[in-house]
Amino acid sequence: VIGIRTRVVVLCAMFACGGEALAARGFTAEFESGATRPKSIALLPVEASISRARVVETEGLIDESVAYGELFNVQVETLLSGKGYDVQVVDADRINSDRKLQEYVVDAKRAYDEMMVQYRPKRLAKRIYNGGDSMRLLAAHLGVDAVAFSKMNLTITAAGKAIVSALIGGTTSGAASQLALVDGDTGDLEVVQIGVAIVTPGEKTDQEMQGYVAKLAENNTKRLPGADPSERIEIAAGDEEVLDDVEALLEK
Amino acid sequence: MRTSSQLRTLCVAASLCACAAAVAAGIYDSVPIDENEWRLIEESKDLEGYFNAQSLLYKEPQVLELVRRVGHEIRPPPSDDYIEYEFFVLRDPSPNAFALPNGHVYIHTGMLARLRDEDQLAALLAHEINHVAGHHGIVDHRATRKKMIASMVLGGLGGWGGVISIGLQTSVYGFTRELEQEADDRAATVLKESRYDPHALPEVFDILGRDYEGLYPRTPTIWSTHPEVRARAQTSRELVAAMPHRDRHVDAFEPAVFEMRAMTVEDYVQDDYPHTAVALAESLVERYPNDARMVALLGDAWQGMGAQSPIDPAQLTNSDKRQNLRQRVKRTRAQRLAELLETEEGRAAYATNLKHAETSYQRALAMDPTFVDPYRGLGEVYEQQERARDAAQAYVTYVKQAPDAADRPIVMSRLKVLTAKLKGEQQ
């Protein structure tokens with residue numbers, strides 16, 4: 001006899017697998033064709049959350065979140081550069097020392113978070129997700145074609161907690177990450193890639209942690225096609241040319 | 001013997017009174033903490049680094065100086081070596097403030113922007129400081145550890161809430177009603193003992209009780225659960241009723257927060273909280289009726305309303321508010337606008353809101369013809385009103401008068417689309 005709890009878990013797993021299959025590509029048709037594929041990408045600091053689940057409580061590993069978050073970005077930079085993209089890592093020091101950049105980053109991140117609340121993988125192809133002017137201002141300020149946003153969650157569980165979770169439910173160990181690309185010319189969401197890594201219960205060494213981070217970065221980038229600058233449709237035209245055109249029309 | 005006993009009783013009574021008075025004024029006894037609780041303290045310290053790594057710390061010197069000056073003026077001396085009072089501002093338009101067990105107090109820009117004067121800031125900080133002084137983070141952590149279930153309830157918090165422990169999550173999202181009440185009660189006394197007006201305390205709750213959007217809060221905080229805030233406004237009003245009124249401190253407050261207020265209105269426009277944006281922008285225009293920038297900001301806020309009609313949140317039930325939140329989560333802003341424009345009411349509201357925006361921009365230009373921002377706003381309004389020629393003219397004026405504007409690429413791309421449209425019309 002299968003209990004209600006087991007049935008719920010199996011159903012959730014089926015939905016999760018179904019969703020994963022539907023979102024397998026995780027990028028728009030225009031990105032795939034190259035029309036909106038960027039030449040240059042700015043990687044913003046990853047929003048990383050690493051925690052240790054104990055039997056009674058969960059401990060937030062804040063310093064580790066910052067450190068492994070930076071490592072994640074280094075890994076993503078290497079992998080994307082390997083695919084031919086011109087990548088710049090925009091780290092916290094750079095952002096915090098440029099007031100305008102900080103304003104653009106914080107605004108763009110809020111717009112991104114709002115977009116991801118509404119995001120459903122199946123609807124990405126409809127091109128309904130747009131981060132608005134904040135994305136375009138940020139991309140223009142950084143001089144890039146696209147901005148990359150990422151999140152990473154990693155939970156380590158003590159062995160005792162893993163047993164308790166198996167019996168009565170609760171937090172389990174695991175790692176997941178998300179990498180999204182937003183077009184700098186239009187503010188459109190072009191790519192959302194999900195990465196997961198299996199984390200076994202118990203304390204982890206630094207080397208093991210680095211391994212999980214590397215796995216997540218790899219899973220977030222492996223499906224992405226390489227850079228193809230020849231296919232990108234340039235939206236920006238020469239300012240003077242456009243102004244001359246429109247002024248001539250307005251005089252008529 | 002009897003005398004000695006009476007003396008002892010008197011001494012005990014006197015010491016209890018002194019203790020009660022000290023506690024009432026925000027001075028508490030020391031609370032030793034164990035190794036596990038030290039972790040909370042370390043985590044609290046680390047959060048500053050995390051916020052810095054996420055570029056969320058708002059470092060505008062005038063604002064920081066204001067918050068730190070008021071905070072340090074009303075805080076009690078630290079009762080424990082793990083408490084070190086410090087005050088930070090987070091770049092976040094949501095109205096929230098929180099205190100961590102190590103004495104670090106954070107206030108969101110969205111909270112500061114709604115306050116009217118230094119006394120209201122003092123009231124807010126007095127409340128938060130009393131969470132620290134009363135060791136509420138530690139008390140709550142001890143209670144939570146006894147209730148495993150709490151970790152399941154609080155585990156689902158989104159945003160950066162996921163990076164912190166349960167003990168700190170309660171510090172950020174609200175303590176128990178009893179601890180919140182205690183902080184309110186003590187805040188009133190702290191204000192009474194200070195140079196600030198204690199009557200500012202219920203005003204803070206009144207300000208926060210205003211629900212402009214009619215949305216059920218996605219992540220409820222102690223500052224955003226409105227029925228509770230209204231009840232607390234009433235309780236604290238009764239608490240301060242007999243306390244003296246004092247002159248309010250506005251002079252240093254207003255210039256320090258001016259830029260931040262404008263920035264917060266822009267944040268609300270961007271984040272699609274247009275009713276809040278209009279309300280705050282209107283209050284700014286009321287305060288600075290001759291400031292063209294504030295008037296243009298009101299234009300931005302009206303434009304942000306899209307096809308939404310004014311609402312009266314008092315008429316909405318919690319179910320309505322949940323429904324509004326669901327709509328917001330399910331549909332993008334463009335989808336919601338398109339749906340509203342399919343209705344007669346939506347089209348009428350759209351026309352009215354755009355007219356309000358246009359009037360504000362025109363008014364700002366009349367006040368200061370050298371101020372170019374309204375041209376961009378007018379271009380956007382005319383584009384939405386399908387007046388391509390007027391929109392193009394406004395955008396051309398904007399890019400010519402502000403050749404180095406950061407948003408020039410955006411305006412130029414719009415001009416390119418308008419050029420194609422005008423060419424089509426002329427053929």
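**Notebook: the contact of chain A and chain B**

I looked up the contact first: 57 residues of chain A and 61 residues of chain B take part, contact meaning heavy atoms within 4.5 Å. I note that this is a predicted model, in which local features need pLDDT of at least 70 and side-chain atom pairs count only at pLDDT 80 or more, while totals for chains, interfaces and linings use all residues. Residues are numbered from 1 along each chain as its sequence is written, chains are lettered from A and ligands numbered from 1 in the order in which they are written, and side-chain values use heavy atoms, with hydrogens and water left out.

**Interface**

I recorded about 4,900 Å² buried between chain A and chain B, 52% of it on carbon and sulfur atoms; buried area is the accessible area (1.4 Å probe) that two parts lose on being put together, summed over both. I found 23 residue pairs in polar contact across the interface, both residues at pLDDT 80 or more. A polar contact is a pair of N or O atoms within 3.5 Å; within protein, one must be able to donate a hydrogen and the other to accept it, and residues adjacent in sequence count only if both atoms are side-chain atoms. On the side of chain A that touches chain B, helix 5 of chain A gives the most, with 12 residues; helices (H or I, at least four residues) are DSSP runs, numbered from the N terminus.

**Salt bridges between the chains**

I counted 10 salt bridges between chain A and chain B, each a side-chain nitrogen of Lys or Arg within 4 Å of a carboxyl oxygen of Asp or Glu. One of them pairs A:Asp133 with B:Arg376 at 2.7 Å, N to O. The pair runs from helix 6 of chain A to helix 18 (residues 373–384) of chain B. I find A:Asp133 partly exposed at 22% relative accessible area and B:Arg376 buried at 14%; buried means under 20%, exposed over 50%, partly exposed in between (1.4 Å probe, protein chains only). A:Arg99 and B:Glu60 also form a salt bridge, their closest N and O atoms 3.5 Å apart.

**Within chain A**

I then looked up A:Asp188, which forms a salt bridge with A:Arg127, the closest N and O atoms being 3.2 Å apart. A:Asp188 lies in the loop between strand 6 (174–183) and strand 7 (189–197) of chain A and A:Arg127 in the loop between helix 5 and helix 6, so the pair ties together parts 61 residues apart in sequence; strands (E, at least two residues) are likewise DSSP runs. A:Asp188 is buried at 14%, whereas A:Arg127 is partly exposed at 25%.
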